[in-house]
Amino acid sequence: MPRSAPAEPIRWCLVVPVKRLGHAKSRLMGPEVSASLRERLALAFATDAVCAALTAAHVAAVLAVTDDPTAAAVLGGLGATVVPDEPDDGLNAAFAFGARVARSKLGNDVGVAAAAADLPALRGAELDIALARIVGDKRYFIADAHDIGTTMLFAPPGVELDPRFGGPSRAAHAASGALEVPGADISSLRRDVDTAADLADALRLGVGPATAAVWGERSRGV
């Protein structure tokens, strides 16, 4: 009996909403983090996440959803497709809108990976590991390092994204039927940055060059 041909790997589009930089990363504010530095860090986080995602073998495209002109110019220059946040109704609406745009541009056979923009330690190789663990027609998610929130949500072709980010979203995504991607070898996908303690953890894990440069300038008083 002839063997069946192996299934074609899924092509994925990473959808990354980016807030207007003036409103991003408000919890990083403090005596050592000025408003200007906070904005530069927010852009650096998104830059490093997008750059790393574009190196992943299974990622066909990155779609940034943003109304910020600086973020749009920078991320577009990296190779991301940039679209305005037409719903302008929060994170989940931006993710759902980005998923629709991704499939309208790339076809209904594309998988949609919704990703937080604040993943400066993201590694393309670890993203490929996670994507390889997604099988069947179920949604999958990656919990954050605190095991409370969600950093990524994956919808294979033909599956609606149905994002439920915000607050205790790990439980919300699990309750919606999504499965958690296992593995201690994808830690860079779990380390989002909201607070100074999160940033310290990301720096120890190893951030991308944009974040490293901005943080290095800060330490030199630039």
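## Elements and the predicted model

Helices and strands here are DSSP runs, numbered from the N terminus; a helix has at least four residues and a strand at least two. With that naming, helix 3 gives the largest share of the lining of the largest pocket, 3 residues. The model is predicted.

## The largest pocket

The largest pocket has a volume of about 950 Å³. It is lined by 40 residues, and those closest to its centre are K19, K25, L91, D118 and D194.

What is the make-up of the lining by class? There are 15 nonpolar, 11 polar and 14 charged residues.

K25, one of the residues closest to the pocket centre, sits in the loop between strand 1 and helix 1. K25 is buried, with a relative accessible area of 15%. Its phi is positive, about 55°, although K25 is not a glycine. Most residues other than glycine have a negative phi.

In soluble globular proteins, nonpolar side chains tend to be buried together. Here the largest nonpolar core has 37 residues. V18, V62, L127, I142, M152, F154 and L189 have the most contacts inside this core. At least two residues each come from strand 1, helix 1, strand 2, helix 2 (69-78), strand 4 (110-115), helix 4 (124-132), strand 5 (140-143) and strand 6 (150-155). Helix 1 supplies the largest share, 7 residues. A second, separate core has 23 residues, including A61, L63, V101 and A155.

Beyond its neighbours within four places in sequence, F154 is in contact with W12, V112, A113, L127, L131, I134, K138, R139, Y140, F141, I142 and V181.

## Helix 4 and its partners

Which residues of helix 4 are buried? They are G124, E126, L127, D128, A130 and L131. These buried residues pack against strand 1, helix 1, strand 2, strand 5 and strand 6. Two of them, L127 and L131, are among the contacts of F154.

Helix 6 covers residues 196-205, and its buried residues are D198, L199 and A202. Seen down the helix axis, they fall within an arc of 100°, so they line one face of helix 6. An α-helix has 3.6 residues a turn, so residues three or four places apart point the same way. On the other side of helix 6, A196 and R204 are exposed. Just after the helix comes G206, with a positive phi of about 115°.

## Loop residues around helix 6

D192 lies in the loop between strand 7 (179-180) and helix 6. Is D192 buried or exposed? D192 is buried, at a relative accessible area of 8%. Not counting residues up to four places away in sequence, D192 touches D118, L119, D144, T151 and D198. Of these, D118 is one of the residues closest to the centre of the largest pocket, and D198 is one of the buried residues of helix 6.

P120 is placed in the loop between strand 4 and helix 4. P120 counts as buried because its relative accessibility is 1%, and buried means under 20%. Leaving aside neighbours within four places in sequence, P120 is in contact with F45, D48, R191, V193, A202, V207, G208 and T211. One of these, A202, is a buried residue of helix 6. P120 and L43 are 77 residues apart along the chain, and their C-alpha atoms are separated by 9.9 Å.

A80 is found in the loop between helix 2 and strand 3 (81-83). A80 is buried, with a relative accessible area of 8%. Setting aside neighbours within four places in sequence, A80 is in contact with V50, V62 and L75. V62 is among the residues with the most contacts inside the largest core. The C-alpha atoms of A80 and A197 are separated by 29 Å, and the two residues are 117 residues apart along the chain.

D162 is in the loop between strand 6 and helix 5 (169-175). D162 has a positive phi of about 50° although it is not a glycine. D162 is partly exposed, with a relative accessible area of 33%.

Conventions: Residues numbered from 1 in each chain as written. Predicted model: local features only at pLDDT ≥ 70, side-chain atom pairs only at ≥ 80, totals over all residues. Heavy atoms only, no water. 1 Å grid on protein atoms, 1.4 Å probe; cavity = no way out; pocket = protein on both sides within 12 Å on 5 of 7 lines; lining within 4 Å. Points joined across faces, edges and corners; volume = space filled by probe spheres on them. Nonpolar A, V, L, I, M, F, W, Y, C, P; charged D, E, K, R; others polar. Buried < 20%, exposed > 50% of the residue type's maximum accessible area, 1.4 Å probe, protein only. Arc of directions from axis to C-beta. Core = buried A, V, L, I, M, F, W, Y, C linked by side-chain atoms within 4.5 Å. Contact = heavy atoms within 4.5 Å.
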